Every structure is written in structure tokens, then in C-alpha cells.
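Have a look at the sequence and the coordinates, then read on.

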2 protein chains.
Amino acid sequence: MPLYNETFKALSDKTRRQILRDLRSGEMSAGEIADHFDMTKPSISHHLSILKQADLISDRRQGQNIMYSLNTSVFEDVMGWFMEFLGKAPNDITKGE
Amino acid sequence: MPLYNETFKALSDKTRRQILRDLRSGEMSAGEIADHFDMTKPSISHHLSILKQADLISDRRQGQNIMYSLNTSVFEDVMGWFMEFLGKAPNDITKGE
DNA sequence: TATATAGTTAGAATAATGTCTAAATATCTA
DNA sequence: TAGATATTTAGACATTATTCTAACTATATA
């Protein structure tokens with residue numbers, strides 16, 4: 001179960017949501033991700049670290065590159081949060097925060 | 001279709017998410033909502049205005065009170081945003097922002 | 001080992017957010 | 001109309017976020 005506050009805060013930024021969207025097509029290096037934005041690498045690095053803290057993405061080093069990929073399980077958890085509101089009661093959703 | 005940036009920003013605050021949660025049990029006045037929090041009424045009023053701008057809630061005046069209620073349709077839209085990531089492609093979800 | 005490449009960390013500037021108090025608006029009732 | 005109640009608006013202040021440049025770390029390769 002995620003810490004919803006971290007998750008929602010991570011999702012509240014447009015750049016970060018676009019990063020997540022980009023990662024849907026598969027693993028990408030930090031540099032490749034940064035190339036998609038009109039923003040410096042350190043700024044993108046910061047956004048990646050926030051997404052990682054929220055457990056929305058994972059990283060692994062491959063040589064000189066650090067490869068980032070999507071963690072779909074947390075998306076499922078957050079969807080559960082929404083399901084609650086709609087009264088659809090999915091599998092194992094409890095109250096959350 | 002909601003402006004996801006506004007929606008996610010609205011959802012990124014703990015107090016606002018709790019307000020939404022409270023409203024699940026039905027319409028409530030601004031004062032009743034404020035009573036659930038250790039925070040001044042103006043602060044709650046501000047949170048309500050952000051939720052309203054994001055179209056997550058609606059309001060109507062009833063005498064001296066202003067009654068707030070949940071707009072479930074926007075929750076459904078946002079859920080669609082998540083569905084995209086999980087590749088479940090619900091009814092009429094397009095790319096979004 | 002020295003140099004280049006990829007990425008992060010540190011620190012600062014600026015903008016945005018959340019909270020408060022005080023004042024304003026709207027409605028009700030005597 | 002005057003006063004009470006419910007709520008919002010305005011303005012100030014502190015905290016948090018976002019972004020940048022400069023410096024640092026880690027890996028690869030000549």
C-alpha cells in the first residue's frame with residue numbers, strides 16, 4: 001500500500017506525469033527522458049527522484065546509464081483509492097490514509 | 001474531460017482528500033466540513049474553492065449555508081487516466097493532456 | 001591513468017502553496 | 001432595520017516546490 005500523500009504529490013506535476021507517460025513504451029535512460037523536455041538534466045533528475053520515492057518508477061544502472069521503468073503496481077493501488085469513491089470496491093482495497 | 005493538472009493538484013493535498021472522503025456520506029455545509037478539521041474556516045474555504053475549481057465538488061446555497069457535494073463524474077474521468085497506464089482502455093478514454 | 005560521458009547532489013533564486021487574522025458579503029430573524 | 005450567523009475574500013507570512021548553474025560521483029575507454 002502506497003503512501004497516498006507522496007503518490008498524489010508526485011502525480012501533481014505535469015512534467016512528472018509526462019515522464020510516466022513516456023515510460024509506458026518501456027525502459028529509458030535518464031538522458032533519453034531528459035531529451036523529451038525543455039529542461040535541464042538536473043531538473044529532470046530531481047523529478048525522477050520524486051517519482052522513485054513515490055515508488056511509481058524503478059531504476060537500475062546499466063553501464064554509464066541509469067535506466068528507469070514504470071512500476072504499474074502502484075498505479076493499481078491508486079486506482080483502488082478512486083474505486084472507493086465510486087463505490088466499486090475492488091479486490092483488496094481498505095481505507096488507506 | 002477534466003484539466004488533469006488542476007485535478008491532480010487538487011488531490012495532492014491531504015486535507016482536500018479528507019474533505020472528499022467526508023463528502024462521500026452526502027452533502028455537507030462548509031461549516032460542518034470545517035468542524036472535522038483542526039483548521040480555521042477560511043483555510044477550509046480555500047480548500048473547498050480549489051476542489052470546486054477542479055470540478056471535484058459542487059456547491060449550492062441553502063439559506064445561510066452553502067452545501068457542498070461530490071461530483072463523481074470527474075473521479076471516473078481521472079480513473080480513466082490511470083486505466084491508460086494499465087492498458088485496460090475503458091470506454092471513451094483518449095489521450096488526455 | 002587521464003579523459004570523456006552519464007547522471008546526481010548541493011546550493012541558491014523564484015514561484016507556488018497553505019495557513020492565519022481581519023474585514024467583507026449574504027442571509028436570516030427579531 | 002439592526003444584529004446574529006455562515007461563509008468568503010483580502011492580505012500577510014512561512015513553508016514547500018521547481019528550476020537553474022556549478023560541482024561532484026561513477027563508469028567506460030583510449
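Gln62(A) has Asn65(A) as its bridge partner, and that partner sits in E3(A). This is a predicted model, by the way. Zooming out a bit, E2(A) and strand E3 (residues 65-70) of chain A run antiparallel and are joined by six bridges. The sheet they belong to is open, has three strands in the order E1-E3-E2 (chain A), and pairs antiparallel. Strand E1 (28-29) and strand E2 (57-62) of chain A each have a single partner strand, so these edge strands are left with one side lacking a neighbour in the sheet. Helix H2 (residues 14-23) of chain A lies across E1, E2 and E3 of that chain, and its direction makes about 90 degrees with E3(A).

Now for the DNA. Around DNA strand C there are 23 residues, and the closest are Ser29(A), Gly31(A), Pro42(A), Ser45(A) and Gly63(B). Two or more residues each come from helix H3 (30-35), helix H4 (41-53) and E3 of chain A, and from helix H4 (41-53) of chain B. H4(A) has the largest share of this surface, with six residues.

The two protein chains also meet: 16 residues of chain B are in contact with 16 residues of chain A. On the chain B side, helix H1 (4-11), helix H2 (14-23) and helix H5 (72-86) of chain B give two or more residues each, and H5(B) gives the most, eight residues.

Here's how the two surfaces split by class:

Technical notes
Residues are numbered from 1 along each chain as its sequence is written. Chains are lettered from A and ligands numbered from 1 in the order in which they are written. This is a predicted model: local features need pLDDT of at least 70, side-chain atom pairs count only at pLDDT 80 or more; totals for chains, interfaces and linings use all residues. Two strands pair if DSSP finds at least two bridges between them. Helices (H or I, at least four residues) and strands (E, at least two) are DSSP runs, numbered from the N terminus. Two residues are in contact if their C-beta atoms, placed from the backbone, lie within 7 Å. Axes are lines fitted to C-alpha atoms, for helices over the stretch in contact, and angles run from 0 to 180 degrees between N-to-C directions. A residue is near a molecule or strand if its C-beta atom, placed from the backbone, lies within 6 Å of it.
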